[in-house]
Amino acid sequence: MTSLSQRSSGLVQRRTEASRSAAADKDRPSSGEEAELRRGDEPEDDREQGDSKETRLTLMEEVLLLGLKDREGYTSFWNDCISSGLRGCMLIELALRGRLQLDACGMRRKSLLARKVICKSDAPTGDVLLDEALKHVKETQPPETVQSWIELLSGETWNPLKLHYQLRNVRERLAKNLVEKGVLTTEKQNFLLFDMTTHPLTNNNIKQRLIKKVQEGVLERWVNDPQRMDKRLLALIFLAHSSDVLENAFAPLLDEQYDLAMKRVRQLLDLEPEGESAKPNANELLWAVVAAFTK
């Protein structure tokens, strides 16, 4: 719109500009509508501004990427922790996106592991695995605890009536997501008695950026207060440790840096989830998952 000092440009020009501006405003969605459109795709926490939309990774994808061998394209055969760790990632990811929360406390405060997980919003996230887990939580009555959901989604239950809660082929499905995002590729490898689909790394920049983020979180950008840390980074450190892949991020460090990084990780692991969850702006479900893995 022309300014008041440019009245000499004529009434016709001002009317033309006004009509164009009105048309543009009419076509442009309101701020509320824009927020609603983004709500299903974006988590509550801000992502790294340097990433394009195609390379934004979920917590599950980040943990899997840390665990994958770059050239071989598969996780260690000896790692039996990553399966449950990925299910914990799903619960936290859904909590950060405003889909899940713990049930409210009454007059007597219950422990995190005794409280039930409830559906806060059933709006689709745009991620098939997350939406599948969200559907299970929403439709389950009575609600289950965080510990129970980690076991049910992993298939670690003795109750045959609850086996349908198991999310199958999670690592393979996450790897395919990373293939679609241009991070991994797909190959076939022969292991004498069988063929196995593998997913070697193709975009090393994204993995190095992820490793750098984890390293800086406990070194250069260490704040010595979990409440001031980015919730997504805090969850990544906890779940990477629980999935036994955190060492992979620290392997390139010098000895002194490695010792300092592990010392600070131990400080985080020694925190009391019950106390941390009661602090202002804490995500209770995040700390409930931490409690489930560190109890």
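Here are legends for a few close-up views of this predicted model.

**View 1. The whole chain, before zooming in.**
Start with the overall fold of the predicted model: the secondary structure comes to 13 helices and four strands. The chain has 295 residues, and 42% of them are buried. Take the contacts between residues at least 6 apart in sequence: 67% of these join residues at least 24 apart.

**View 2. The largest nonpolar core.**
This core is made up of 72 residues. Leu65, Leu66, Leu91, Val146, Phe250 and Leu285 have the most contacts inside it. Which helix gives the core its largest share? That's helix α4, residues 82–96, which supplies nine residues.

**View 3. Leucine 285 and its surroundings.**
Here we pick out Leu285, one of the core residues with the most contacts. Setting aside neighbours within four places in sequence, leucine 285 touches Leu91, Ile92, Ala95, Leu100, Gln101, Leu102, Val117 and Val146.

**View 4. Helix α13, mostly covered.**
Helix α13 spans residues 284–294, and eight of its eleven residues are buried. The buried ones run through Leu285, Leu286, Trp287, Ala288, Val289, Val290, Ala291 and Ala292. What do they pack against? Their partners are α4, β1 (100–102), β2 (117–119), α6 (146–154), α9 (231–242) and α12 (273–277). Look also at the start of α13, where a side-chain oxygen of asparagine 283 comes to within 3.2 Å of the backbone nitrogen of leucine 285.

How many cavities of 30 Å³ or more does the structure hold? There is one, and the largest cavity has a volume of about 60 Å³. Around it sit Pro226, Gln227, Met229, Lys231, Leu234, Asn281, Ala282, Asn283 and Trp287. Sorted by class, that lining comes to five nonpolar, three polar and one charged residues.

**View 5. Glutamine 215 in helix α8.**
Glutamine 215 belongs to helix α8, which covers residues 204–218. Is this residue buried or exposed? Glutamine 215 counts as buried because its relative accessible area is 14%, under the 20% cut-off. Its side chain reaches the backbone oxygen of alanine 249 at 2.7 Å. Apart from neighbours within four places in sequence, glutamine 215 is in contact with Glu220, Ala249, Phe250, Pro252 and Leu253.

Notes:
Residues numbered from 1 in each chain as written. Predicted model: local features only at pLDDT ≥ 70, side-chain atom pairs only at ≥ 80, totals over all residues. Heavy atoms only, no water. 1 Å grid on protein atoms, 1.4 Å probe; cavity = no way out; pocket = protein on both sides within 12 Å on 5 of 7 lines; lining within 4 Å. Points joined across faces, edges and corners; volume = space filled by probe spheres on them. Nonpolar A, V, L, I, M, F, W, Y, C, P; charged D, E, K, R; others polar. Core = buried A, V, L, I, M, F, W, Y, C linked by side-chain atoms within 4.5 Å. Buried < 20%, exposed > 50% of the residue type's maximum accessible area, 1.4 Å probe, protein only. Helix = DSSP H or I, 4+ residues; strand = E, 2+ residues; numbered from the N terminus. Contact = heavy atoms within 4.5 Å. Polar contact = N/O pair within 3.5 Å; in protein donor to acceptor, adjacent residues only side chain to side chain.
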